[in-house]
Amino acid sequence: MANFNMLWLQSSGCGGCTMSLLCAESPPLFEQLSWQGINLLWHPALSEASGQEVQSLLSDLEQGRESLDLLCIEGAVAQGPDGTGDFSRLPGTGRSMMSWLQGLSTRANYVVAVGSCAAYGGVSAGGDNPSDATGAQYAGERLGGLLGEAFRSRGGLPVINISGCPIHPQWVLESLASLVRGEMTLQDLDELGRPRSYTDHLVHHGCPRNEYYEYKASAQQHSQQGCLMEHLGCIGTQAHADCNIRLWNGGGSCLRGGYACINCTAPEFENPGYGFLSTPKVAGIPIGLPTDMPKAWFVALSSLSKAAMPARLRENALSDHQLMAPKIYYKNKRR
């Protein structure tokens with residue numbers, strides 16, 4: 001398999017997506033890259049090269065003296081102050097990260113935004129956004145960002161947004177493998193530029209609390225086993241990701257750890273307008289309802305579900321451990 005040259009740059013972010021990527025397993029990260037034929041030219045945290053050696057590499061890539069197949073961007077792009085990008089400079093080069101990304105993106109066959117900051121601005125663009133942080137091709141939900149709405153890489157694709165805060169390592173490695181094989185097309189991306197391989201699912205799918213959700217057996221406080229949607233801020237029924245199907249670190253997810261889903265793969269998740277761990281309501285009805293269900297139907301079914309709630313779920317939902325086990329079904333009723 002021919003080598004695919006990959007350059008990874010970190011802009012305005014916490015580096016958490018790289019940390020998560022290092023959690024790749026079966027096999028580990030560098031073995032997966034090797035098997036896929038990906039040649040990691042440079043990564044600021046994982047490579048030994050520095051100084052003039054890196055500057056020469058970046059110049060060669062930008063000038064086309066060396067081929068660049070994959071440009072991975074981690075972190076949002078700081079455009080401030082006044083559009084100069086000088087809030088985030090690539091040390092030793094005398095240039096802003098924004099400038100390097102603009103130059104290198106025109107040379108790359110594919111541009112991949114790794115994490116919600118790189119994709120949409122994410123936490124780096126939260127609040128008043130004093131650094132004027134933006135995503136590679138989105139500013140929140142709006143197309144545009146650093147590279148503009150019309151941007152297409154040499155491979156003919158827009159920026160591929162592997163969003164998440166952080167990303168699941170296999171979301172990245174699976175997408176890179178698809179690019180290396182030349183199999184990714186525009187149809188493989190959703191409306192927000194995310195690979196459909198993981199965003200055609202909802203976090204709700206595979207949630208271990210689904211039985212509680214079905215009967216609206218809701219937790220009243222954290223550590224309880226009930227559904228987190230009604231009171232504790234969970235929006236897993238709206239969040240596009242396969243977190244409860246493709247588990248993290250061999251067996252975890254936010255919900256399995258007792259934390260509400262905050263929809264971190266979506267643009268502007270960082271500014272929900274309410275506390276992440278509480279559910280905003282109007283007249284007692286949660287504002288954020290499942291996207292596929294009309295409100296009236298949800299209210300009607302919710303009332304019926306609560307009326308039909310088994311005592312087992314009512315008890316267990318408000319406990320931090322199981323108090324009542326399911327009844328055993330006997331085929332021979334006379335036993």
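Q: Let's start in the sheet. Which residue in β3 stands opposite Leu9?
A: That's Ile73 in β3. Strands here are DSSP E runs of at least two residues, helices are H or I runs of at least four, and both are numbered from the N terminus.

Q: Before we go on, what kind of model is this?
A: It's a predicted model, where local features need pLDDT of at least 70 and side-chain atom pairs count only at pLDDT 80 or more, while totals for chains, interfaces and linings use all residues. Residues are numbered from 1 along each chain as its sequence is written, and side-chain values use heavy atoms, leaving out hydrogens and water.

Q: Thanks! Back to β3: how many bridges join β1 to β3?
A: Five bridges, with β1 and β3 running parallel. Two strands pair if DSSP finds at least two bridges between them.

Q: And which way do β1 and β2 pair, parallel or antiparallel?
A: Parallel, over four bridges. In that pair, Leu7 stands opposite Trp42 in β2.

Q: Is β1 enclosed or open to the outside?
A: Six of the seven residues of β1 are buried, so β1 is largely enclosed by the rest of the structure. Buried is under 20% relative accessible area, exposed is over 50%, and partly exposed lies in between (1.4 Å probe, protein chains only).

Q: Zooming out, what's the strand order of the open sheet?
A: Five strands, β2-β1-β3-β7-β11, with parallel pairing. The edge strands are β2 (38–42) and β11 (160–162), each of which pairs on one side only. On average, neighbouring strands are turned by 25 degrees against each other, direction ignored.

Q: How many bridges does β7 make with β11?
A: Three bridges link β7 (residues 108–114) to β11, and the two run parallel. Val114 stands opposite Ile162 in β11.

Q: Which strands does α3 lie across?
A: α3 lies across β1 (4–10), β2 and β3 (68–74), at about 120 degrees to β2. Angles run from 0 to 180 degrees between N-to-C directions, on axes fitted to C-alpha atoms, for helices over the stretch in contact.

Q: Switching to helix pairs: at what angle do α3 and α4 cross?
A: The axes of α3 (residues 52–63) and α4 (residues 97–105) cross at roughly 45 degrees and come within 8 Å. That makes α3 oblique to α4. Under 35 degrees counts as roughly parallel, over 145 as roughly antiparallel, 65 to 115 as roughly perpendicular, and the rest as oblique.

Q: Which residues meet there?
A: Leu58, Ser59, Leu61 and Glu62 from α3 meet Ser99, Trp100, Gly103 and Leu104 from α4. Contact means heavy atoms within 4.5 Å.

Q: What about α2 and α6, what angle do they pack at?
A: About 10 degrees, with the axes of α2 (residues 29–36) and α6 (residues 169–180) 10 Å apart. That makes α2 roughly parallel to α6. On the α2 side, Leu29, Gln32, Leu33 and Gln36 meet Gln170, Leu173, Leu176, Ala177 and Val180 of α6.

Q: New topic: where is Leu192 found?
A: In the loop between α6 and α7 (196–199). Leu192 counts as partly exposed because its relative accessibility is 21%.

Q: What is Leu192 in contact with?
A: Setting aside neighbours within four places in sequence, Leu192 is in contact with Tyr120, Tyr138, Asn161 and Pro267. Leu192 and Ala119 are 73 residues apart in sequence, and 9.1 Å apart in space, C-alpha to C-alpha.
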